[in-house]
Amino acid sequence: MTHPSRKFMECLQYAAHQHKDQRRKDTAGTPYINHPINVATILALEACIEDENVLMAALLHDVVEDTTATFKDVEQLFGADVCGLVREVTDDKTLEKQERKRLQIVNAPKSSQRAKLIKLADKLDNLRDLQKNTPQGWTQERREQYFVWAKCVVDNMRGINGVLDEKLDEIFRERGLL
């Protein structure tokens, strides 16, 4: 059994600290940190990704977007490679939500293969959660629109990892989107 590196564990602690006061929008108010951990776990255990920098970037994929952390912080603590991956998967929060969603579709095919892995695992975890829980304040229509939008993003990143493609397609089939 291989053990996680010291740097990986520091990254996990950093992500947990940054997201410590955040909750998911589900009715249970699940701790937000569960999501980045799920994304990294999907990559490691389901998609069999061993690239530690990809796994660390998965843990940090929302840290700049949703906390006070900066790209400079991420680069100083975890290096330029991890920071570059986090940068690739981070939405620009200065833009309107609909524009950010549009840009995810447009920019998905331009992402590096490693960033696509993170994005695919992120979508898979979000969709799995959405299958079980409707976020507080969401209508059924908004929930269904998220599945349709997520498929548009995913369709622009296919062929990177067969396992992730199949697991996402299972969800899209269940929703009648395939």
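Which side chain meets Asp155 in a salt bridge at 2.7 Å, N to O? The partner is Lys151. The views below come from a predicted model.

View 1. The side chains of Lys151 and Asp155 meet at 2.7 Å, N to O. Both residues sit in helix α9, and because they are four residues apart, about one helical turn separates them. Asp155 also forms a salt bridge with Arg158. In that pair the closest N and O atoms are 2.9 Å apart. A network of salt bridges links Lys151, Asp155, Arg158 and Asp169. Lys151 has a relative accessible area of 15%, so it counts as buried, the limit being under 20%. Asp155 is partly exposed at 32%. Arg158 is partly exposed at 30%.

**View 2. The salt bridge between Arg128 and Glu46.** These two side chains meet at 2.7 Å, N to O. The pair links distant parts of the chain. Arg128 belongs to helix α8 and Glu46 to helix α2, 82 residues apart. Both partners are partly exposed: Arg128 has a relative accessible area of 25%, and Glu46 has one of 24%. Across the model, the salt bridges number 16.

View 3. UniProt, in an unreviewed entry, places the feature "domain: HD" at residues 32-127. Over this stretch the chain is 72% helix and 0% strand. Its end C-alpha atoms are 15 Å apart. His35 lies in helix α2, which covers residues 34-46. His35 is buried, because its relative accessibility is 2% and the limit is under 20%. Leaving aside residues up to four places away in sequence, His35 touches Arg24, His61, Asp62, Asp122, Asp125 and Asn126. One of these contacts, Asp125, is 90 residues from His35 in sequence. In space, the C-alpha atoms of His35 and Asp125 are 7.2 Å apart.

**View 4. The largest pocket and its lining.** The volume of the largest pocket is about 1200 Å³. Its lining holds 42 residues. Closest to the pocket centre are Glu65, Asp91, Gln104, Asn126 and Tyr146. Several helices each supply at least two lining residues: α4 (63-66), α6 (80-89), α7 (97-107), α8 (113-132) and α9 (140-155). By residue class, the lining divides into 21 charged, ten polar and eleven nonpolar.

**View 5. The second largest pocket and its lining.** About 450 Å³ of space lies in this pocket. It is lined by 16 residues. Those closest to its centre are Thr2, Phe8, Ala44, Leu45 and Leu55. Helices α2 and α3 (52-59) each supply at least two residues of the lining. The largest share, five residues, comes from α2. The lining of the second largest pocket divides into eleven nonpolar, three polar and two charged residues.

Notes: Residues are numbered from 1 along each chain as its sequence is written. This is a predicted model: local features need pLDDT of at least 70, side-chain atom pairs count only at pLDDT 80 or more; totals for chains, interfaces and linings use all residues. Side-chain values use heavy atoms; hydrogens and water are left out. UniProt positions are given in the numbering used here, feature names are shortened, and annotations may be inferred rather than shown by experiment. Buried means under 20% relative accessible area, exposed over 50%, partly exposed in between (1.4 Å probe, protein chains only). Contact means heavy atoms within 4.5 Å. On a 1 Å grid over the protein atoms alone, a cavity is a set of points where a 1.4 Å probe fits but cannot get out, and a pocket is an open set with protein on both sides within 12 Å along at least five of seven lines; lining residues have an atom within 4 Å of a point. Grid points are joined across faces, edges and corners, and a volume is the space filled by probe spheres set on the points. Ala, Val, Leu, Ile, Met, Phe, Trp, Tyr, Cys and Pro count as nonpolar, Asp, Glu, Lys and Arg as charged, and the others, Gly among them, as polar. A salt bridge is a side-chain nitrogen of Lys or Arg within 4 Å of a carboxyl oxygen of Asp or Glu.
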